[in-house]
Amino acid sequence: MPLWLKALTGVVALVLVAGIVFAGFWFFRLQGNISKAPLNAGGESTESPGNDAKGRLQILILGSDTRDGKNSEYGGADDSTGYGKSDVMMLMDISEDNKRVNVISFPRDLLVDIPDCKDRKTGKDYPARTGVMINEAMSEAGIGCAVDTVNKLTGMQVDHFMMADFNAVKELSNAVGGVEVCISDAVYDPDSRLRLPAGTSSVQGEMALAFLRARHAFADGGDLGRIKAQQGFLSSLTRKIKYDGTLSDPAKMLKIADVVTQNLTVDDGLASVPTLLTIGNRLKDIDIGKVAFVAVPTAPAPIDPNRLVIAEPAGAQLFSAMRKNVDLTDPTAPATPSPTETATPSPAPTETAPPVPPYNKAIQPVAVANGSGVNGRAQELVQALVAGGFTQTGQFLAQPVAKTAVYYGNGFEDVAADVATLLGIPATLMIPAPAVSGVQVYVGSDFPSGTAYEAGGSPAAALPQDIVNQTAGDKVCQQANPELIVRQ
C-alpha cells in the first residue's frame with residue numbers, strides 16, 4: 001500500500017474514531033443529565049401508551065417553583081421543601097399526523113378536584129381533595145399526582161411529562177441568544193424584578209425568567225394575563241428556533257440539549273435521549289400557524305373571587321373537542337379520529353355480562369343551567385325533572401348559549417342518558433365533562449319553552465368563540481398592567 005494511502009487511511013480512521021468518541025461522549029453526557037420520576041401516582045391508565053414515533057401524544061409540561069439548589073435565591077427555606085408547586089402547567093397535544101400542536105394552559109389559581117395519590121418514593125397515601133388549587137397537585141405526592149389530576153379534569157390520557165425549574169428558563173434563553181417579547185408600555189414589577197421598556201425587547205437569563213414569572217405586570221395583574229405573556233414568550237421562542245437555523249445546526253442543538261437535560265425531570269418512558277430526539281424530530285416541520293396556544297376557559301370562583309373555576313359549557317366543549325381531535329385553529333375541518341375511536345372492537349364475550357343494577361334517581365345530582373335568556377326557564381325544567389324522579393336538583397343562571405347540551409361527570413353517563421330522554425334531548429347533545437359533579441342540563445336559546453326539546457339533533461357547538469389566544473406564528477404585544485406602568 002502506498003505511503004500516502006496508508007496516511008489517508010489513518011486520518012480517516014482517526015476521524016471516525018473521534019466521531020464515535022464524540023457521539024458517545026454526548027450521548028452519555030445527555031443521558032446522565034436526565035432526572036426521572038413516575039408518570040402516575042395511583043391513577044389507572046384508560047388507554048394503551050401512545051406511540052412516541054407515530055401516535056398522538058399528550059405531554060404535560062410543568063414549571064416547578066421549588067427553591068432548592070440553584071433556585072435558592074428566589075425564596076427561603078420554607079419554599080425548598082417537598083416537591084414544590086407547578087408554577088406553570090401546560091398540556092401539549094401533538095397530532096398523529098404531526099401537522100398540529102395544541103398547547104393548553106391551566107391557571108395556577110384554578111380550583112379542581114385532586115384524586116387519591118400515592119408518593120411512589122415514600123409509599124405514603126394522600127386522600128382525594130376537592131376545590132384545591134391545581135398548582136398544589138404535585139406538592140405532596142409528586143409530579144404523577146399532577147398528571148392524574150389533569151387526566152381526571154380533561155378526560156384525556158397524558159402520555160409523558162416534562163418538568164423544568166427556574167434555572168432551565170435562564171439557561172435556555174441564554175443558549176438561544178435571547179427571546180423577543182413585546183409589551184405595550186414601560187413596566188416595572190418589583191415582585192418578579194421585571195423591568196422592560198415599551199415595545200419589543202430581547203430578554204434572556206434573569207430577565208427572561210422575570211418575564212415568565214411576572215404575575216402582576218400584565219393585563220389586570222391576574223393569572224390569565226400572565227398565561228398570555230407566557231404563551232407569547234413560547235411563540236417567539238418557537239419562531240426563533242425554527243427560523244434561525246437551530247434545528248439544522250448540530251452545535252446549537254447539542255448546546256440546547258445539554259442545557260435542557262440538566263434542568264429537566266421526565267417520566268420513565270421519556271427518560272432516554274433517543275426518545276427525546278424522536279419527539280423533537282416530530283415537531284421540527286410543523287407549520288407554526290398550526291401551533292395553537294389556548295387557556296382553559298375559567299370564571300371567578302363563587303367562594304373566592306381571587307380563585308378560578310372551569311367556565312361551563314366552554315370548558316367541557318374544549319375538552320370534548322380535544323378528545324375528538326378537532327383542529328382548534330379551524331374547528332370546521334373534519335376531526336381526525338383517535339386510535340381508540342378507530343380501533344377494531346374486541347370480540348363479544350361468550351358469557352352474558354351481569355345486568356347493571358339500577359341506580360336511585362332520587363339521590364343523583366342534576367342541575368339546570370339557564371343559558372336560554374328566558375327568565376324562569378330553569379325552574380320549569382327542574383319541575384319536569386322532579387316529576388320524573390330526579391329530586392336532588394339545583395338551578396342557576398348561566399352565560400347565554402345557542403345550543404342546549406347535557407354535560408355529565410365521570411360515572412354519570414347512564415344518569416345523563418335518562419335525563420336527556422326525559423327532556424327529549426338527543427344523545428348527540430350529551431357531552432362528557434369530568435369537571436362536572438353529576439349531570440348538568442345547560443339550556444340554550446334553542447330550548448326556550450316547554451319540557452320536550454324539539455330543536456333537532458344537531459351537535460352542540462364544538463368550541464367557544466376565540467378559544468385560541470394565539471398561534472406560534474402570531475406576534476402579540478402584551479398589555480401592561482396600568483398600576484405598574486412606568487411613566488416616562
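The largest nonpolar core in this protein has 41 residues. Those with the most contacts inside that core are L60, L91, I104, F106 and L318. Keep in mind that this is a predicted model.

Where does the core come from? The elements that give two or more residues to it include the strands β2 (57-64), β3 (86-94), β5 (111-114), β9 (160-164) and β17 (304-310). Two helices are also on that list, α2 (143-154) and α8 (314-323). The largest share, six residues, comes from α2.

Leaving out residues up to four places away in sequence, I104 touches M89, M90, L91, V294, V296, L318, M322 and L328.

Some overall numbers, for context. The protein has eleven helices and 23 strands. It has 488 residues, and 47% of them count as buried. If you take the contacts between residues at least 6 apart in sequence, 74% join residues at least 24 apart.

Next, the helix packing. I have two pairs, and α4 is in both of them.

Roughly antiparallel would need an angle over 145 degrees, so α3 and α4 are oblique to each other. Their crossing is right-handed. On the α3 side the contact is made by F166, V169, K170 and S173, and on the α4 side by E206, A208, L209, L212 and R213. By class, that contact has five nonpolar residues, one polar and three charged.

The second pair is α4 with α5, residues 223-243. Here the angle is about 140 degrees, with the axes 8 Å apart. These two helices are therefore oblique to each other as well. A208, F211, L212 and R213 in α4 meet R226, A229, Q230 and F233 in α5. The residues of this contact divide into five nonpolar, one polar and two charged.

H160 is in strand β9. Is it buried or exposed? Its relative accessibility is 6%, and the cut-off for buried is under 20%, so H160 counts as buried. Setting aside residues up to four places away in sequence, H160 touches L39, D52, L57, Q58, I59, L60, D267, G269, L270 and I279. The C-alpha atoms of H160 and G144 are separated by 9.9 Å, with the two residues 16 apart along the chain.

N135 sits in the loop between β8 (129-133) and α2. With a relative accessible area of 2%, N135 is buried. Apart from neighbours within four places in sequence, N135 is in contact with K85, S86 and R108.

Last, two backbone entries for anyone checking phi values. A219 has a positive phi of about 50 degrees, although it is not a glycine. A219 is in the loop between α4 and α5, and at 31% relative accessibility it counts as partly exposed.

N325 also has a positive phi, near 65 degrees, and is a residue other than glycine. N325 lies in the loop between α8 and α9 (339-342). Its relative accessibility is 3%, so N325 counts as buried.

That is what I have for today.

Terms used. Residues are numbered from 1 along each chain as its sequence is written. This is a predicted model: local features need pLDDT of at least 70, side-chain atom pairs count only at pLDDT 80 or more; totals for chains, interfaces and linings use all residues. Side-chain values use heavy atoms; hydrogens and water are left out. A nonpolar core is a set of buried Ala, Val, Leu, Ile, Met, Phe, Trp, Tyr and Cys residues joined through side-chain atoms within 4.5 Å. Buried means under 20% relative accessible area, exposed over 50%, partly exposed in between (1.4 Å probe, protein chains only). Helices (H or I, at least four residues) and strands (E, at least two) are DSSP runs, numbered from the N terminus. Contact means heavy atoms within 4.5 Å. Axes are lines fitted to C-alpha atoms, for helices over the stretch in contact, and angles run from 0 to 180 degrees between N-to-C directions. Angles under 35 degrees count as roughly parallel, over 145 as roughly antiparallel, 65 to 115 as roughly perpendicular and the rest as oblique. A crossing is left-handed if the near helix is turned anticlockwise from the far one by less than a right angle, and right-handed if clockwise. Ala, Val, Leu, Ile, Met, Phe, Trp, Tyr, Cys and Pro count as nonpolar, Asp, Glu, Lys and Arg as charged, and the others, Gly among them, as polar.
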